[in-house]
Amino acid sequence: MSMIARVTLEIALRKEFDYLVPEEFQDRVEIGSRVKVPFGPRKVMGVVTGLPAQSEHAKLKPILGVIGKGSFVTPKVLELARWMAGYYCCPVETALKSVLPVSVRKEKEGWKKQLYVRSIEPVGSPSKLTKRQEELNAVLREWKELPLQEFLKMTQSTQATVKKLESAGVALISREVIERDPYAHEHIVPTEPLELNQEQKTSMDAVLKAMNHEGAAKQSNVFLLHGVTGSGKTEVYLQAIQHALEQGKGAIVLVPEISLTPQTVERFKARFSSGKHQTLVAVLHSHLSEGERHDEWHKIKEGRARIVIGARSAVFAPIDPLGLIIVDEEHEHSYKQEEAPRYHARDVAVVRAQREKAVVILGSATPSMETYYNTQKGKYRLLEMPTRADNKTMPWVRVIDMRSEASKEKGIPILSQQLREAIQQRIEKREQTMLFLNRRGYASSMQCPTCGYVAGCPNCSISMTYHRRDQRLRCHICGHDQRAPKCCPVETCRSYEIRYAGIGTEKVEDTLKVLFPKAGIQRMDSDTLKKKEDYKKILTAFRLGKIDVLIGTQMIAKGLHFPNVTLVGIIYADLSLHMPDFRAGERTFQLLTQVAGRAGRGEVEGDVFVQSFTPFHAAIQYARRHDYLGFYEQEMEFRKDTEYPPTSRMAMITLKGKNEEKLKMSGTHLKSVIEGIREEIKDLALAGPSPAPLERAENFFRYQIMLKTKRMSQLSRRLADIHQSTKLPEGVQTIIDIDPVSMH
Ligand code: ADP
Ligand code: ZN
Ligand code: ZN
């Protein structure tokens, strides 16, 4: 029998190709199999996306090999990838790449193999064993099976001795796959389900009903669980997962990469992995080694792990059947992938769940405008948990007007008098403080007041950040790095009166070390985290009370739970407010609320100090009062007036190129082509082309065309066509971003 495989190659050709499947591979090829095929003179990898009965092409080449056994991409996930390619305007090949982790896409199977020894029943009468061999055999019988090295160590014997057991017919040595378990050395104390409080019960009931497919058929299966920090959302997740398992289904838990801490993972492992070798929970994130990720993925694929916790791409985990997807901190922008395919994991989760009749819980203390809007429209269902489960009060938030803190002689202080005193008190009481500033480095720019020079990046249109520790200037966009000059580099100036403006975490650290010389002060940002273990090391030291004040970027804002932290200070709340982005207010509100949530998670009430130069801004004031709805309503007014999402959907086309004139012309041309679809999409609004907020990055000029419509699926389909058929000059790149979260 001849068999034909339709294959999507791992090179973006937007096309599928048919190949012949030789007899020897036929039992291993199915839809979703990974194969190696000839393509011109090359050999390329691909995924089987169909098994057509016949092909319209006459002479088919045979596939060269099959990787592993069976399907890597289930038909359901394959369909999801196809949808993603359509909606996010990218080739199916690109979408498929995101679906499989790199470690699994390897040409060779990535299993690690190791020698095992196992006890077997001798066939017939066993040959006589020596006393020593009898001893070893007894140990082996007890263990039944274990890695050879372990056995040798345990019994203080040699491989030669074990070989003798093998020839005596009582043992078998074999090379077997061992699974790397990244959490093998963690000791996790199991937990039992908590009795739910009334708010949790109400939420849980609604979720369970949906999971059991009870209730009205038209009701949405997507829930927004809007619960304040500490309201016990995690317990609801855990019990919903429990229910999925009881239904014989699996669950996916998405958390933002940054909050995928050992602490978070532990809470899930503690509930679902009793016993040392049970591996119900698999973890997928970028801190795992490639081998570990490979093994975790296969654990899921084979159905041994039924619960997956991971960042963005875990939304594609091969869980089947799927009962539940949880998206924790659904408002987080890291769910959006900033390279093709530019998908939003939360939105993909909703689409996937709909296709697989699963339930989605989107959880957040500060839901995105989009998600909350969807509950108002009846697309999602709203569950509210406005009080803390542990009966702790919400922290008291004070906004400090930094304008009155500035004095003529000394300029603007980094710490206000009030915050300084509050830190002092904590140090005396041996309580802990977290200080937050979302900018690393020492100063955000180096300037010469004499001639007005500002040290800008040679490749990007921004100033370079001064890092004092190593006396360097760095661009936080492209990574350009150079020595910080001692005097002004302008030849006619050469002034030594260099000034550093705008503060970063390094400067906060230095200031604190001067103010509190005896206190333990630690900074945590991507500059201090050089090694994989650093993150854990710092947090452990903090937990053990060896650090009094922890200073950090957004890295410390998320998900961490330290009972002894009674003070949180936000050094400069305005930083995110002044971004050239219509979501600046929303982002500031979310950030402040989240950072404030780090305080008072223990026995003592928490205080939060917010330093700001615009203390009466709505985002700051609503955050101070813990008033989400108030913020949402006033923010919606602005979005309605300006027709920004969620009142409409947005697509952003960015044109990149080295020649600015060519770029402008291309932008104008592209826009005129897009104008043509107005007939079809009546509400289409177009703006641009205009220079992007970040006009130049990595030596490329950047122009943007902004599109708004309520009919995005339709628009994205048309954009893909236009993108394909419109010829732009050499050296001009276009990037289509559907539902962008970043405007720069
Ligand atoms: P969230 O995920 O909403 O921030 P958590 O799940 O971390 O909240 O819960 C905050 C604290 O409240 C945790 O210490 C948790 O153990 C506790 N908690 C949650 N639900 C209950 C409950 N039903 N009874 C008692 N304690 C609870
Ligand atoms: Zn100068
Ligand atoms: Zn740069």
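In this tour a residue is called buried when its relative accessible area is under 20%, exposed when that area is over 50%, and partly exposed in between (1.4 Å probe, protein chains only). The structure is a predicted model, in which local features need pLDDT of at least 70 and side-chain atom pairs count only at pLDDT 80 or more, while totals for chains, interfaces and linings use all residues. Residues are numbered from 1 along each chain as its sequence is written, chains are lettered from A and ligands numbered from 1 in the order in which they are written, and side-chain values use heavy atoms, with hydrogens and water left out.

**Stop 1: serine 495**

Select serine 495, in the loop between strand 21 (481-483) and strand 22 (499-503). Helices (H or I, at least four residues) and strands (E, at least two) are DSSP runs, numbered from the N terminus. Is serine 495 buried or exposed? Its relative accessibility is 11%, so serine 495 counts as buried. Now display its surroundings, where contact means heavy atoms within 4.5 Å. Leaving aside neighbours within four places in sequence, serine 495 is in contact with Cys448, Thr450, Cys487 and Cys488. The side chains of serine 495 and threonine 450 are joined by a polar contact of 3.1 Å. A polar contact is a pair of N or O atoms within 3.5 Å; within protein, one must be able to donate a hydrogen and the other to accept it, and residues adjacent in sequence count only if both atoms are side-chain atoms.

**Stop 2: ligand 1**

Next, select ligand 1 and the residues near it, that is, those with a heavy atom within 4 Å. The ligand is surrounded by 17 residues, and the closest are Glu195, Gln200, Gly230, Lys233 and Thr234. This shell divides into four nonpolar, seven polar and six charged residues. Here Ala, Val, Leu, Ile, Met, Phe, Trp, Tyr, Cys and Pro count as nonpolar, Asp, Glu, Lys and Arg as charged, and the others, Gly among them, as polar. Helix 8 (residues 233-246) gives the most to the shell, with three residues.

- A polar backbone atom of glycine 232 is 3.0 Å from an oxygen atom of ligand 1.
- A backbone N or O atom of lysine 233 is 2.9 Å from an oxygen atom of ligand 1.
- An N or O atom in the side chain of threonine 234 is 2.8 Å from an oxygen atom of ligand 1.

Of the 560 Å² of accessible area that ligand 1 has on its own, the protein covers 75%. Such areas come from the Shrake-Rupley method with a 1.4 Å probe; for residues, only the protein chains shown count as cover.

**Stop 3**

Select arginine 352 in helix 11. This arginine counts as buried, because its relative accessibility is 1%. Among the residues that arginine 352 touches beyond four places in sequence are Val77, Leu80, Ile252 and Phe316. A polar atom of the arginine 352 side chain lies 3.3 Å from the backbone oxygen of isoleucine 319.

Move to valine 281, in strand 11 (residues 281-284). Valine 281 has 0% relative accessibility and therefore counts as buried. Its contacts beyond four places in sequence include Phe268, Phe272, Ala305 and Ile307. Valine 281 and isoleucine 252 are 29 residues apart in sequence, and their C-alpha atoms are 9.8 Å apart in space.

**Stop 4: the nonpolar cores**

A nonpolar core is a set of buried Ala, Val, Leu, Ile, Met, Phe, Trp, Tyr and Cys residues joined through side-chain atoms within 4.5 Å. Which residues have the most contacts inside the largest core? They are Val73, Met524, Ile674, Leu707, Leu715, Leu719 and Ile738, in a core of 106 residues. Helix 1 (residues 75-87) gives the most to this core, with seven residues. Apart from this core lies another, of 31 residues, among them Met211, Val236, Ile309 and Met385.

**Stop 5: backbone features**

Select alanine 340 and proline 341, which are joined by a cis peptide bond with omega about -5°. Proline 341 is in the loop between strand 13 (322-328) and helix 11 (345-355). A cis peptide bond also joins glycine 688 and proline 689, with omega about 0°; proline 689 is found in strand 28 (residues 685-697).

Finish at glutamate 698, in the loop between strand 28 and strand 29 (700-709). Although not a glycine, glutamate 698 has a positive phi of about 50°. Its relative accessible area is 48%, so glutamate 698 is partly exposed.
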